[in-house]
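Here are my notes on the model you sent over.

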Amino acid sequence: MAIEDILMFDETVFQNINAFNPDYMPANYNFRDSQMEGMAMSIRPAMRGGRPTNSVVLGSCATGKTTAVKKVFELVERNSDKVICCYINCQLHTTRFGIFSQIHKKIFGHQPPETGVPFSRVYEKVIKHLVSEDKALIVALDDVDYLFQSQNANKVFYDILRAYEEFPGVRTGIFAILSDLEFRYALDKNVNTVFIPQDIVFQPYTYTEIFSILSDRAKAGFFPNVISDEVLEEIAMHTLEVGDLRVGIDLLRVCGNIAEANASKTIKLEYVEEAIAKQGSINLTNIISSLSDVERTLLQVIVDSDEVYTSGELSKQFKEQAGVSYATFNRTLEKLEFLRLVDTNFTGKGVRGNSREIILRFSREDFEKAGL
């Protein structure tokens, strides 16, 4: 098809292309009932005049944590005017002022001025409103590890959880959403004494669950008979291997675009392989752009090496170059493995046989093209 034909062609396989957007909220949200019940139990005391229970919403990427929290918050606010639920993406808001600006916006419908207003005034206005209206506040801090990277986590947790010391009667709680089990131990002692969360764990989706979710999303996004079960099975299997449901949902969208570019009313199996190739380079670029300076430095050390590092050799090289502790090295390496940028294989050598080989999952050229 010519470019003009692609732009103007009035037939489409998409019934609702927004169904494949990252922020799309599905009407049917399955396989997370027990986790949502756990969240509801944490919030229930606040609906009865008590304090909410703090929670850690824990699970790997794309296991439904964010959607589940938003669904529960929606249900709470629909059934009670005694609880204010505020969801905050900590990738976008990493400062005390930024966090409380979002809370201010949730309560009053607008953000405070970015300049000329001290944090203390915004903070006091928010907390005094909660006390005067006798409302509880629950703040969901998504990707809360970004607050630790910006070294603002302890201050933000303290501001929210110990507000009752200065404003008696205020009721506040935190849902910390993340994938790192060790994060809470980085909190100061005076924060840990009031945080004391319950864990709500999101296990990775099984193949059957992935297929069901993708099938529901395809029904919402495509017209009938556009995609077959055979194609969905192929996409579901790739999604399981990658371990990220968002990849599968985005593959549906890309396959639909390829079908339209080929003037096809159905998505063919051959389009899946083409979509995976297109998607891979884009995802790698997005992942690398999200890395912290320390994570980029470690990845660069691995990429620049002509040999396969063991964990001991890499730790020594990285500590010399970045001046960090072994604990920081270990956490950073685990993050790179979690993001599927590297693999680690135990060699059976070293202290207690814990030495690992570090293997890149992509070529040096792929990393360079992706902006490393």
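Which side chain does Arg 361 meet in a salt bridge? The partner is Asp 343, with an N to O distance of 3.2 Å. Keep in mind that this is a predicted model. My points follow.

1. Start with where the two partners sit.

2. **Overall layout.** Stepping back for a moment, the protein chain has 16 helices and seven strands. Its C-alpha trace spans about 65 × 55 × 40 Å along the principal axes. Of its 372 residues, 43% count as buried.

3. **Other salt bridges.** A search of the whole structure turns up ten salt bridges. One of them joins Lys 106 to Glu 77, with the closest N and O atoms 3.2 Å apart. Lys 106 is in helix α4 (residues 96-108) and Glu 77 in helix α3 (residues 65-79), so this pair ties together parts that are 29 residues apart in sequence. Lys 106 is partly exposed, with a relative accessible area of 38%, and Glu 77 also counts as partly exposed, at 32%.

4. Glu 165 forms a salt bridge with Arg 162, and here the closest N and O atoms are 2.5 Å apart. Are the two ends buried or partly exposed? Glu 165 is partly exposed, with a relative accessible area of 41%, whereas Arg 162 is buried at 16%.

5. **Cysteines.** If you were wondering about disulfides, the count comes to zero. As a reminder, a disulfide is a covalent bond between the sulfur atoms of two cysteines. Cys 90 is buried, with a relative accessible area of 0%. Cys 255 is buried too, at 0% relative accessibility.

6. **Backbone spots to check by eye.** Most residues other than glycine have a negative phi. Ile 196 has a positive phi of about 35° although it is not a glycine. You'll find Ile 196 in the loop between α8 (189-195) and β5 (198-202), and it is exposed, with a relative accessible area of 60%. Asn 225 is another non-glycine residue with a positive phi, of about 70°. Asn 225 sits in the loop between α9 (207-221) and α10, and it is exposed at 72% relative accessible area.

7. **Sequence distance against distance in space.** Two leucines make a handy pair of examples here. Leu 178 is in strand β4 (residues 171-178) and is buried, with a relative accessible area of 3%. How many Å separate Leu 178 from Ser 60 in space? Their C-alpha atoms are 7.8 Å apart, although the two residues are 118 residues apart in sequence. Now take Leu 336, in helix α15 (residues 326-338), which counts as buried at 0% relative accessibility. Leu 336 and Glu 133 are 203 residues apart in sequence, and the C-alpha to C-alpha distance is 46 Å.

Conventions. Residues numbered from 1 in each chain as written. Predicted model: local features only at pLDDT ≥ 70, side-chain atom pairs only at ≥ 80, totals over all residues. Heavy atoms only, no water. Disulfide = S-S within 2.5 Å. Buried < 20%, exposed > 50% of the residue type's maximum accessible area, 1.4 Å probe, protein only. Salt bridge = Lys/Arg side-chain N within 4 Å of Asp/Glu carboxyl O. Helix = DSSP H or I, 4+ residues; strand = E, 2+ residues; numbered from the N terminus.
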